[in-house]
Structures are given as structure tokens and as C-alpha cells.
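Student: I would like to learn how to read a helix in a protein model. Where do we start?

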Amino acid sequence: MWNLAQDWQEKLSPEFDKEYMQSLQAFLASQTEQEKTVYPHSQECFSALNHTPFKHVKVVILGQDPYHGPDQAHGLSFSVKPGVKTPPSLVNIYKELESDLGIPKANHGYLESWADQGVLLLNSVLTVEASKAGSHQGKGWETFTDKIIAILNEERKHIVFLLWGSYAQKKGRMIDRSKHLVLDSVHPSPLSAYRGFFGCRHFSQTNAYLEQVNQAPINWASHL
């Protein structure tokens, strides 16, 4: 069930023996036994980690839950598979990208090229039941993804954490801002984007910081 790249496996293997993870695995197995549809597919559960190895992480964009509609979630926060309608929050991310860096809006929502450059597109909860937003919250995923953030915070430096919305900001409180750049904003959802996400210029700020610490900037237009 767990398909995890080698370097992350080395960092996270102790977690899989812990009681919370055993409980989570039992819960997910029960979902299968009850023939419930769970997104993303189990082989895509760790896509964020598998596309962005530990040593290559430059940026973390923290989401909350996977999308719960058909064919949407594939393991990268805010991203959807090719051919799937771009969700409203990602539409607003594209609007800010265009305003900030002049990058035209893509006609799809597939962000794999960002992940492959070192942008860890991490959701706090890695699975969801079809059509039931938040249905897998509180089952153990939050503890696991807290550990991912803690390891990055402790063992790496000069990572940019983009924390959009109060949920992400609360989860990111542990981050040492003397070692990393933390950029906060309201969530890009249509309900809140006009209260400060538009105009935040997080993409240009991210690249300015990466260049300042002698890292290659992200090509935010790579998905076009």
C-alpha cells in the first residue's frame, strides 16, 4: 500500500511502526472493505514526496485535504490531473502568478512540473472519501505530515514555506523563521482571495529568496 521514495522512506520509516499509523492503516483498510471510493489512488498517496525528494525540497505549499471529486486528486496539493477542470483556488493561484510574474494562466491544473523542481505540494491529510470533504481528517494523517514538516524544519535550511489560510498557518507554527522563509496569506479560495491573497507576490518573493541563498529559482511557468 505504501509506495514511498527511498530518501523519504529513510526519514519516515519509524513513523510506520507507531500506533497512530497502524490505526490509520486499519482505517483505510476498513474503507476498502466497505467498498468506499477513496481519493487519490493508493499508489498516488505519496506523490508529493515521490516527486520531490527530501534533499531537493526548496519550497513547501501546504494544502489541507485532497480534492474529493472524480479524477481530481493525484497526491499533489492544489493540483488536478490533465483534462480535469481547474478548481477555483488554483484559478486564483494562476491569477496571482500572472499579476506577480506575468505568467499567463494555464488551461489545465496539473502542477507536476513544479513538484519536480523542488516544490513540495503537501496536503495535511493525504486521503479523502469520494464526495465527502474532510472525511479522513483526524485519522492520523495530520500527525504524519506534521512529522514531514518537522524533519524539513530541523534538518534543512533556506526552505520557503507558503502558508495560505489559517489552517496552513497553524500547522506551520513550528517552523524556525530564522532558518527558513515563511510567507503567510489568506487562502486562495474565492471566499478569501480578495482579502489579501491577490497582491501577496509570494512567487516573486520565493524566487528572490532562493537566489539570495544561492539556489536556482523556480520556473513557475514550467507547467505551461
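Tutor: The protein chain has eight helices and six strands; helices (H or I, at least four residues) and strands (E, at least two) are DSSP runs, numbered from the N terminus. This is a predicted model: local features need pLDDT of at least 70, side-chain atom pairs count only at pLDDT 80 or more, and totals for chains, interfaces and linings use all residues. Residues are numbered from 1 along each chain as its sequence is written, and side-chain values use heavy atoms, leaving out hydrogens and water.

Student: How many residues does H2 have?

Tutor: H2 spans residues 19-33, which is 15 residues. From first C-alpha to last, H2 reaches 21 Å, close to the 21 Å expected at 1.5 Å a residue. The expected span is 1.5 Å times one less than the number of residues.

Student: Which residues of H2 are buried?

Tutor: Start with the general idea. An α-helix has 3.6 residues a turn, so residues three or four places apart point the same way. Buried means under 20% relative accessible area, exposed over 50%, partly exposed in between (1.4 Å probe, protein chains only). In H2, Tyr-20, Met-21, Leu-24, Phe-27, Leu-28 and Gln-31 are buried. They lie on the same side of H2, because they cover an arc of only 120 degrees around the axis. That arc is taken from the directions from the helix axis to the C-beta atoms.

Student: What does the face turned away from the buried side carry?

Tutor: That face of H2 carries the exposed residues Glu-19 and Glu-33.

Student: What follows H2?

Tutor: Glu-35 follows H2, and its phi is positive, near 60 degrees.
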